[in-house]
Amino acid sequence: MRNLIIVMASGLLALSACTNTHKNTSADTSANTPDIPAATETLQTVMSVPPSVKAGEPVMLTFTVYNRSAKALEFCKWHTPFEGFIAAFLDVRNSNGEEVLYRGAMAKRVMPPPAEAYIQVPAGDSATVDIDLLKGYDLSAPGKYHAVYQAGGMSGLEQVNELDITVVP
């Protein structure tokens, strides 16, 4: 019984460790046209990819976190593209709804996250990273894919737009 309580407490700590008081939102946008509302007290996150990519070529994801507030805000970079493929941060599915396998590393974490795990976004500024999804997910076959950011519980970036990815022959 004691072990069950310890496991449950550890799980709750892990789920809440990287979040902070800043709720994050983003506009539900198309893949290439971010529509960010003006003043807000939260971080807003937008993902984008090219409209189509040739099979075998890089699938470049641009992941941008906007801070439209009057004060600096921060988020945990764990489970985001800002740390590379150290964890599966997307749920990617093909046109049949089948999960595309993640082929990156799966890091174990020390809780709570150290200060260097956070990225501060100055007031009125943004932080952007580009990453090749082909290095973490098997997007080599031509077809349509749908990607959803799934790591808001760890990073604190809870509302991120979804992406449609088209890989052509």
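Tutor: Strands are DSSP runs (E, at least two residues), numbered from the N terminus, and two strands pair if DSSP finds at least two bridges between them. This is a predicted model, in which local features need pLDDT of at least 70 and side-chain atom pairs count only at pLDDT 80 or more, while totals for chains, interfaces and linings use all residues. Residues are numbered from 1 along each chain as its sequence is written, and side-chain values use heavy atoms, with hydrogens and water left out.

Student: In which sense do S1 and strand S3 pair, and over how many bridges?

Tutor: Strands of a sheet pair through backbone hydrogen bonds, either parallel or antiparallel. Here S1 and S3 (residues 60-67) are antiparallel, over 6 bridges; Ser48 has Thr62 in S3 as its bridge partner.

Student: What is the strand order of the open sheet?

Tutor: The 3 strands run in the order S1-S3-S7, with antiparallel pairing. Strands S1 (43-48) and S7 (126-132) form the edges, each pairing on one side only.

Student: Is Tyr137 buried or exposed?

Tutor: Buried means under 20% relative accessible area, exposed over 50%, and partly exposed in between (1.4 Å probe, protein chains only). Tyr137 has 1% relative accessibility and therefore counts as buried. Tyr137 lies in the loop between S7 and strand S8 (143-149).

Student: Which residues is Tyr137 in contact with, beyond its neighbours within four places in sequence?

Tutor: Contact means heavy atoms within 4.5 Å. By that criterion, Tyr137 touches Phe85, Ala88, Phe89, Leu90, Val92, Val100, Leu101, Tyr102 and Arg103. The C-alpha atoms of Tyr137 and Val92 are 7.9 Å apart, although 45 residues separate them along the chain.

Technical notes
Helices (H or I, at least four residues) and strands (E, at least two) are DSSP runs, numbered from the N terminus.
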